[in-house]
Amino acid sequence: MPTSIVAALQIGSRPEGKAATLEAVLAYEERIKASGAGLVVMPEALLGGYPKGETFGTYLGYRLPEGRKAFQRYYENAIDVPGAETDELAGLAQRTGAHLVIGVIERSGNTLFCTALFFSPEEGLVGKHRKLMPTGTERLIWGQGDGSTLPVLDTPVGKLGAAICWENHMPLLRTAMYAKGVQVWCAPTVDERDVWQASMRHIAHEGRLFLVSACQVQPSPKALGIEVPQWDGERPLIQGNSVIVGPLGEVLAGPLRGEEGLLTAQIDLEELVRARYDFDVVGHYARPDVFSLVVDEREKRTVEFRR
């Protein structure tokens with residue numbers, strides 16, 4: 001099987017909104033072409049934004065009117081799937097010949113989801129994964145995904161799957177995705193901490209797969225003109241920490257910190273067979289007689305009409 005180049009595009013949402021962010025992504029077209037990347041992974045909530053430090057005017061038991069207005073602004077900056085933004089990204093995939101995985105805030109009715117979208121050069125938008133478990137106060141602004149959006153896509157780069165930010169810490173989700181045969185694990189995130197590197201290396205080593213994690217990078221709140229409680233105004237709001245890891249947990253590229261950029265590495269899927277020789281987590285290293293997992297992939301509907 002041929003080798004491929006995979007990439008993490010470390011970039012941040014623009015304070016001017018989704019149109020400016022999309023323009024910044026599209027500006028990387030020539031660099032993506034020049035890199036020869038067959039896969040480009042972009043950060044969590046890139047289109048729509050990750051509102052780090054925002055309270056949305058909520059306190060236990062009540063919500064302030066200004067918080068409702070803040071949510072409305074956030075909702076208006078989210079995207080429809082499919083929609084104008086996904087058409088632009090499909091064009092980018094086609095022109096660069098690269099598969100794209102990008103984090104967005106998706107509108108569905110009046111509910112928002114933190115979603116990873118998949119694009120192919122030939123077919124455009126081919127899949128999406130909605131974050132199953134928003135973390136902490138993310139649950140205030142995002143709905144929960146269900147088992148119907150856990151795609152694994154067969155591409156020339158390998159079988160692609162995605163887990164968003166702290167979903168990567170869900171052992172049963174990881175097990176389900178391993179069982180689906182993921183070969184290149186995509187991890188859009190805004191987690192900039194050093195411990196994230198340990199998690200990414202662990203997952204690559206546990207699943208015996210290649211892993212691409214793309215993190216947002218954002219300047220200091222002072223530079224953005226916003227106030228974040230308990231924050232050193234000179235420190236970056238999100239410093240990035242994008243990384244590419246091999247199937248034995250070795251870092252192939254990165255981590256990239258403090259700047260935007262395209263991080264690349266060459267991968268060879270034949271390495272996965274050699275890596276799984278002594279550890280195939282859902283194969284010869286499993287004990288189904290002791291442990292088993294049932295995954296419900298049915299779409300959950302609040303209301304179902306029958307005639």
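The structure holds zero disulfides, a disulfide being a pair of cysteine sulfur atoms within 2.5 Å. This is a predicted model: local features need pLDDT of at least 70, side-chain atom pairs count only at pLDDT 80 or more, and totals for chains, interfaces and linings use all residues. Residues are numbered from 1 along each chain as its sequence is written, and side-chain values use heavy atoms, with hydrogens and water left out.

**Cysteines**

- A disulfide is a covalent bond between the sulfur atoms of two cysteines.
- The closest cysteine sulfur to that of Cys 114 belongs to Cys 165, and at 7.9 Å it is too far for a bond.
- Cys 114 is buried, at 1% relative accessible area. Buried means under 20% relative accessible area, exposed means over 50%, and partly exposed lies in between (1.4 Å probe, protein chains only).
- For Cys 215, the closest cysteine sulfur is also in Cys 165. The distance is 7.7 Å, too far for a bond.
- Cys 215 is buried, with 0% relative accessibility.

**Helices α1 and α4**

- Helix α1 covers residues 18-26, and helix α4 covers residues 84-96. Helices (H or I, at least four residues) and strands (E, at least two) are DSSP runs, numbered from the N terminus.
- The two axes come within 11 Å and cross at roughly 5°. Axes are lines fitted to C-alpha atoms, for helices over the stretch in contact, and angles run from 0 to 180 degrees between N-to-C directions.
- α1 and α4 are therefore roughly parallel to each other. Angles under 35 degrees count as roughly parallel, over 145 as roughly antiparallel, 65 to 115 as roughly perpendicular and the rest as oblique.
- From α1, Lys 18, Leu 22, Val 25 and Leu 26 take part in the contact. They meet Glu 85, Glu 88, Leu 89, Leu 92 and Arg 95 of α4. Contact means heavy atoms within 4.5 Å.
- By class, this contact of α1 with α4 has five nonpolar, no polar and four charged residues. Ala, Val, Leu, Ile, Met, Phe, Trp, Tyr, Cys and Pro count as nonpolar; Asp, Glu, Lys and Arg count as charged; the others, Gly among them, count as polar.

**The loop between β2 and β3**

- Glu 44 sits in the loop between β2 (39-41) and β3 (58-59). Glu 44 is buried, at 0% relative accessible area.
- The Glu 44 side chain reaches the backbone nitrogen of Val 190 at 3.3 Å. A polar contact is a pair of N or O atoms within 3.5 Å; within protein, one must be able to donate a hydrogen and the other to accept it, and residues adjacent in sequence count only if both atoms are side-chain atoms.
- Ala 45 is in the loop between β2 and β3. Ala 45 has a positive phi of about 55° although it is not a glycine. Ala 45 is buried, at 0% relative accessibility.
- Phe 56 also belongs to the loop between β2 and β3. Its phi is positive, about 50°, although Phe 56 is not a glycine. At 8% relative accessibility, Phe 56 counts as buried.
- Most residues other than glycine have a negative phi, and most peptide bonds are trans.

**Cis peptide bonds**

- The bond from Val 81 to Pro 82 is cis, with omega near 0°. Pro 82 lies in the loop between β5 (79-80) and α4.
- The bond from Gly 254 to Pro 255 is cis, with omega near 0°. Pro 255 is part of strand β16 (residues 251-256).

**The loop between β14 and β15**

- Gly 240 is in the loop between β14 and β15. Gly 240 is buried, at 0% relative accessible area.
- Gly 240 and Ser 13 are 227 residues apart along the chain, and their C-alpha atoms are separated by 12 Å.
- Asn 241 is in the loop between β14 (238-239) and β15 (242-245). Asn 241 is buried, at 0% relative accessibility.
- A polar atom of the Asn 241 side chain lies 3.2 Å from the backbone oxygen of Arg 193.
- Leaving aside neighbours within four places in sequence, Asn 241 has contacts that include Gln 10, Asp 191, Cys 215 and Pro 255.

**Gln 144**

- Gln 144 is in the loop between β8 (124-130) and β9 (153-155). Gln 144 is partly exposed, at 49% relative accessible area.
- Not counting residues up to four places away in sequence, Gln 144 touches Phe 113, Lys 131, Leu 132, Met 133 and Pro 134.
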